[in-house]
Amino acid sequence: MKIKLEKISANKGGLRTNKIEGKCASLPKVGHTFIMTAPPLEAGDIHVIETSFVTEIQDFQEMIKFKTQNSSYELRLIK
């Protein structure tokens, strides 16, 4: 599914940009890492993003907010 991921806050570094569009096979699940793919920011192959373990999820109608061990994110589906 196509998504937009935005990092809201972070304890550590990670993503080189706070907003990224790409694809994921499944939505975030507590106790698992979240993995998505996106076009590269520079020349090269596909960019794989993997978060630390998801600790909390809030599901809203048009957005999912989730927290990991290191950061907080907002995820939106792209139609």
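Q: What is the relative accessible area of Arg-76?
A: The relative accessible area of Arg-76 is 35%, so this residue counts as partly exposed. Buried means under 20% relative accessible area, exposed means over 50%, and partly exposed lies in between (1.4 Å probe, protein chains only).

Q: What kind of model is this?
A: This is a predicted model, in which local features need pLDDT of at least 70, side-chain atom pairs count only at pLDDT 80 or more, and totals for chains, interfaces and linings use all residues. Residues are numbered from 1 along each chain as its sequence is written, and side-chain values use heavy atoms, with hydrogens and water left out.

Q: Which side chain meets Arg-76 in a salt bridge?
A: The partner of Arg-76 is Glu-74, at 3.8 Å from N to O. A salt bridge is a side-chain nitrogen of Lys or Arg within 4 Å of a carboxyl oxygen of Asp or Glu.

Q: And which residues are linked with Arg-76 in a network?
A: Salt bridges link Arg-76, Glu-74 and Lys-65 in a network. Between Lys-65 and Glu-74, the closest N and O atoms are 3.9 Å apart.

Q: Is Glu-74 buried or exposed?
A: Glu-74 counts as buried, because its relative accessibility is 16%. Lys-65, in contrast, is partly exposed, with a relative accessible area of 32%.

Q: How many salt bridges does the structure hold?
A: The structure holds 3 salt bridges. One of them joins the side chains of Glu-21 and Lys-4, at 4.0 Å from N to O. This pair links distant parts of the chain, since Glu-21 is in strand β2 and Lys-4 in strand β1 (residues 2-10), 17 residues apart. Strands here are DSSP runs of E with at least two residues, and helices are runs of H or I with at least four, numbered from the N terminus.

Q: How accessible are those two, Glu-21 and Lys-4?
A: Glu-21 has 45% relative accessibility and therefore counts as partly exposed. Lys-4 is also partly exposed, at 40%.

Q: Now the strands: in which sense do β3 and β4 pair?
A: The sense is antiparallel, over 5 bridges. Two strands pair if DSSP finds at least two bridges between them. Within β4, Phe-53 is the residue that stands opposite Thr-33.

Q: What lies in the loop between β3 and β4?
A: Asp-45 is placed in that loop, with β3 covering 33-38 and β4 covering 47-59. Asp-45 is exposed, because its relative accessible area is 69%.

Q: What joins β4 to β5?
A: A hairpin joins β4 to β5 through 4 residues. These strands pair in the antiparallel sense over 5 bridges, β5 being residues 64-68. Ile-64 in β5 stands opposite Asp-59.

Q: Is Ile-64 buried or exposed?
A: Ile-64 is buried, because its relative accessible area is 10%. Ile-64 is 6.5 Å from Arg-76, C-alpha to C-alpha, although the two are 12 residues apart in sequence. Setting aside residues up to four places away in sequence, Ile-64 touches Leu-27, Ile-57, Gln-58, Asp-59, Tyr-73, Glu-74 and Leu-75. Contact means heavy atoms within 4.5 Å.

Q: And Thr-68, where is that found?
A: Thr-68 is found in strand β5. Thr-68 is buried, with a relative accessible area of 8%. Beyond four places in sequence, the residues that Thr-68 touches include Phe-53 and Tyr-73.

Q: How many residues has the largest nonpolar core?
A: The largest nonpolar core has 13 residues, and those with the most contacts inside it are Ile-3, Leu-5, Ile-20, Phe-34, Met-36, Phe-66 and Leu-75. At least two residues of this core come from each of β1, β3, β4, β5 and β6 (71-77), and β3 gives the most, with 3 residues. A nonpolar core is a set of buried Ala, Val, Leu, Ile, Met, Phe, Trp, Tyr and Cys residues joined through side-chain atoms within 4.5 Å.

Q: Which residues make a nonpolar surface patch?
A: Met-1, Leu-27 and Leu-77 make a nonpolar surface patch of about 260 Å². Patches are made of residues with over 30% relative accessible area and no salt bridge, like charges being joined within 9 Å and nonpolar side chains (Val, Leu, Ile, Met, Phe, Trp, Tyr) within 5 Å. Accessible areas come from the Shrake-Rupley method with a 1.4 Å probe, and for residues only the protein chains shown count as cover. Leu-27 is found in the loop between β2 (19-23) and β3, and counts as partly exposed at 33% relative accessibility.
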